[in-house]
Amino acid sequence: MKFTLSWLKEHLETDASLEEIVEKLTMIGLEVEEVTDRAAKLSHFKIAKVLDAEQHPNADRLRVLKVDTGEGEPLQIVCGAPNARTGLVGVLGRPGDYVPGLDVTLSVGKIRDVESFGMMCSERELELSEEHDGIIDLPEDAPVGVSYAEWAGLSDPIIEIGLTPNRPDCTGVYGIARDLAAAGVGRLKERSHDQVRGAFPCPTGVKLDFGETKPLCKAFGLRLVKGIKNGPSPKWMQDRLLAIGLRPINTLVDITNYMTFDQGRPLHVFDAAKVKGDLVVRRGAKGETIEGLNGKSYEVDDSICVISDDNGLESIGGILGGEISGCTEETTDVLIESALWDEDTIAATGRKLGVNTDARYRFERGVDPDYMLPGLEAATKLVLDLCGGEASDVVVSGRVPDDTNIIEFPLSEVKRLSGIDASVAEINVVLKALGFWISGSGATIKVAAPNWRPDIEGKADLVEEVVRIIGLDRVPSTPLPRTGNVGAKVLTPGQIRRSRARRSLASRGLNEAVTWSFIAKVEAEAFGGGKPELTLANPISSDMSEMRPSLLPGLLTAAQRNADRGFPDVGLFEVGQIFEGDAPNDQKMVAAGIRRGTAVLEGQGRHWSAPTRTVSVFDAKADALAALAAAGAPVDKLQVYVDAPDYFHPGRSGALKLGPKNTLAVFGEIHPRTLGVLDIEGPLVGFEIYLDNLPVPKGKASRSKGALNASDLMPVRRDFAFVVGQEVPAETLLKAARGAEKTLISDVTLFDVYEGKGIPEDHKSLAIDVTLQPKQKTLTDEEIEAIGQKIIASVQKATGGTLRG
Amino acid sequence: MSDLNTLETELLAAVESAASEAELEEIRVSALGKKGKISEQMKTLGKMSPEERQTMGPALNGLKARVTEAIATRKTVLAEAALEARLASESVDVTLPLRPGPIESGRIHPVSQVTDELTAIFADMGFAIAEGPDIETDELNFTALNFPEGHPAREMHDTFFFNEKEDGERLLLRTHTSPVQIRTMRNQEPPIRVIIPGRTYRCDSDQTHTPMFHQVEGLVIDKASHIGHLKGTLEEFLKAFFEVDNVTLRFRPSFFPFTEPSMEVDVQCDRSGGEVKIGEGSDWMEILGCGMVHPNVLRNCGLDPDVYQGFAWGIGIDRLAMLKYGMPDLRAFFDADVRWIQHYGFRPLDLPTLFGGLSS
């Protein structure tokens, strides 16, 4: 919402400075977004007259002007504007002047060999409007040599406020003045309540025709003014409209725009000569169309409120007038409409048709119903004053509703909700100044909001009105009382898991990324996603259309972006949500990571200390296990399965599970086909940890860690090497060795894997180191030998392998 | 006797000139071994007369002791020299550079770090962390929060929608974390103190807007908390978060459908340098929106607004990170450029605590 300072002062009698007004507007909730002083940047530009315009000798489209600046010799100026002509009075910029719309400072120049000492400016070049079809064409009597900004009234600062949707009363300058006056900045000048007496009955009737359906128009006032002369509106009105970015059209149209911004009361004017028969306000019918005043065509339906006559549709009620009955300079009889529309219908129609007009903006927020007829009177008066003519009686259809809502308001509410100690008198004064009706004098009073405040529903709204006007700076800063004891645990198990997984992955050299929750369809489908219920109806772009089924696509494509920037060896991870469906419990927390190129735990790239190594499935497995351990998973109970999802290399991937059904993590090399689908290059390995699948740690009865049970007896270690089939998983052999003797074997580690010379084809040698921890007494050679035999037998049984000779 | 003197001179000279422990051992055997020269002489003592023995006995024993000691001394010298030589041969170039350990090179994203900072601050004030799903119903994202159907306030949120289902329901991506307020109030008896961090989505993209961003909301519901407590809470929070001794806040009336009264909060700051400094200067910067929870919202959660009251506020986590740590561009948060993460990220062991200073 924009207005100028002088416009405001038309309604507000005040000595306050611009700064004080701006500050107060912001502090009462009408936040000032910008104050523009157009005169300051245009102060150099002067009104000048073209004495002579000749064809440029070397260019068809250019003219050479002799321009009178009001002082000294005329200046020679080269100009390309089509309207540059002898006798034109326009606006001149001279060498040294800064032209804001072009962002250049003028200098003496040569254009096609002819010297030019400045330029005649268009409105766009001076940032006055978007107009650039020609140079500014002022009335012939504009004073040559005078500052243009001063003459044009541009020294009037423009104030722009960001209006919140709850304040339709401030969509007009008058309402803003009323709020400022209530806040103590001056006195509100009462607006006229004069009525224009009708000289004859209105010849055009109005019928609200909604049958049995909900009326979309509450009330409709109409009157004819005949015998008028339409033409350009007066300069004061044009100046104000131009200042807020509206283009003057003709007096009738300008009056409706002026009323919209001055009083927050949109009106419509029909050229009575083009209206046939009575006006019918009704629901639109499927297939009906209307040419709008904005030059576009719209198709309506029965959810849309239209105004029609015998010619067809004349207007989309409260939103947009029709081209067919628009007012022009030839209009001699005008029908002025002032109506009340159903707010929700206006909003829904505007959205459906994609029309944003100043009328829609006000009607959907709710205009003052009680000003429907006074607004019509005020507009009639403006028409009579500016265009002459004779007014008819007013016809009104429907009824202006009385929605007065009386609120029982305990004055203690102000303190209860705001903490401010405001006196009864203060509260009364503020509410009255804002136009509220008050009755009673006890602890609880009755309050009714004025009709221009549809946002006031209840007690809390009244508290807001009071504190808004007396000032939020009076709110006493009050410490929130501490609750309970020191430091109760606030995080849930899931939150703790995420935090630990995150810090453990970063401590493994990975960089935490935050990638989009939505990804491209092809990416989602490659990772088991792409379900229709997870597809956005209005994505911001086609590669951000699907809710991600996995964190890996985002990380993999991020790795490729880094590679494309010259950083091919990267390790990334993310802890975030994935979507298996659209129900709340289909959203799962996952920690996932990737390593690309040589980004292994020891460090990326080449180094003297070790041969360069590219990432392998075991790097991903190690990351997954480390994060699982940090997140509190029972890693010693995990089993490794080889059935990882199909976006991993089938022979270089695995799943970490607690039992066959509960997968805690998957890891592996990314499948070459998946890389191809995503159009990225490896080597790439990755892992995903399904944090929600971790068992919830059992509440412990005691924090005690129990006694340490360390044996005084020396552990004994023995090595065994087995030759087994190549397909035998190491896990099977280790499990068999560990299980061979439950009480004495404390550890089994695999220290060598060998294939090649000395080992039969399709076989491998696995060498293990077994630690025996005696509990009661030192073991004899015979006892150790017996355990060795048990181990051999157990491994042979489980794997079919033999002890290597 | 002179033979013994000669022998001693010869042996001591040999010991002294022995170049290795092996050579020394040879000399020891040749002198003190079973058939060594001194041992042979000792064997002759038995055949001597008592008088001779009285002279030669001490002489031979003395000789033996002196040679033994000389050998031991020499042995120490030679062992020391051998060790020196070995050590010299074993030296390496200790200036060879090493790789930084993984714990030095990994990084935590600023969004996670700032969320942890917020958690540390608000946990101290007795707040829990509440969370909810990103895919929400229209009811929880709008209607229950007092956004009436078709109201212009809904258009302030550029909402991402999913396709309409057969039963007419249309899910959406939450445009704010406020639906979790509803979920919390419907599932928990007051008093309530929670902060709600999380991802939020709006259909908007330019220099300062991304279609996905992070918000944190606070919600306090009890029977006494008013705007004064809200102000006190925000002051404590901003002081702790920006790690400054003072902040000056300015409350301005504003509008949010789910609070009444509603306010926007400006914080005093200094923008004269290249960065924004909170807690000094004379500029104002809008930093968050807040208000008293709207009576309709309380009613929608089954709470009587004449009994219960409280406040809520919301602020961008990404924005907080930018203000505190100086990132210029929001879009880079979600680009996963390792150079950005390395520069703006945090070390894994930098877990924010109040006792250790949030960021130090």
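Q: Is Asp455(A) buried, exposed or partly exposed?
A: The classes rest on counts of other C-beta atoms, placed from the backbone, within 10 Å: 20 or more is buried, 12 or fewer is exposed, and in between is partly exposed. Asp455(A) has 19 such atoms within 10 Å, so its class is partly exposed.

Q: What kind of model is this, and how are its parts numbered?
A: Residues are numbered from 1 along each chain as its sequence is written, with chains lettered from A and ligands numbered from 1 in the order in which they are written. Local features need pLDDT of at least 70, side-chain atom pairs count only at pLDDT 80 or more, and totals for chains, interfaces and linings use all residues, for this is a predicted model.

Q: Where does Asp455(A) sit in chain A?
A: Helices (H or I, at least four residues) and strands (E, at least two) are DSSP runs, numbered from the N terminus. By that numbering, Asp455(A) falls in the loop between β29 (444–448) and α13 of chain A.

Q: Which residues does Asp455(A) contact, leaving aside neighbours within four places in sequence?
A: Contact means that the C-beta atoms of two residues, placed from the backbone, lie within 7 Å. For Asp455(A), the partners are Asn166(A), Arg167(A) and Asp461(A).

Q: Which residues carry the UniProt feature "binding site"?
A: UniProt positions follow the numbering used here, feature names are shortened, and annotations may be inferred rather than shown by experiment. The unreviewed entry places this feature at Asp455(A), Asp461(A), Glu464(A) and Glu465(A).

Q: Is Glu465(A) buried or exposed?
A: Glu465(A) lies in helix α13 of chain A. Beyond four places in sequence, it contacts Val430(A), Leu431(A) and Leu434(A). With 26 other C-beta atoms within 10 Å, Glu465(A) is buried.

Q: Which helix gives the largest share of the side of chain A that touches chain B?
A: In the interface, 74 residues of chain A are in contact with 64 residues of chain B. The largest share of chain A's side is six residues, and their source is helix α13 (residues 459–470) of chain A.

Q: Which residues of chain A does Ile341(B) touch?
A: Ile341(B) lies in helix α13 (residues 338–344) of chain B. It counts as buried because it has 28 C-beta neighbours inside 10 Å. Not counting residues up to four places away in sequence, it touches Arg107(B) and His109(B) in chain B, and in chain A it touches Asn511(A), Glu512(A) and Ala513(A).

Q: How far apart in space are Ile341(B) and Arg107(B)?
A: In sequence they are 234 residues apart. In space, C-alpha to C-alpha, the distance is 6.7 Å.

Q: Which residue stands opposite Val32(A)?
A: Five bridges join β3(A) to the antiparallel strand β13 (residues 158–162) of chain A. In β13(A), the residue opposite Val32(A) is Ile161(A).

Terms used: Pairing = 2+ DSSP bridges.
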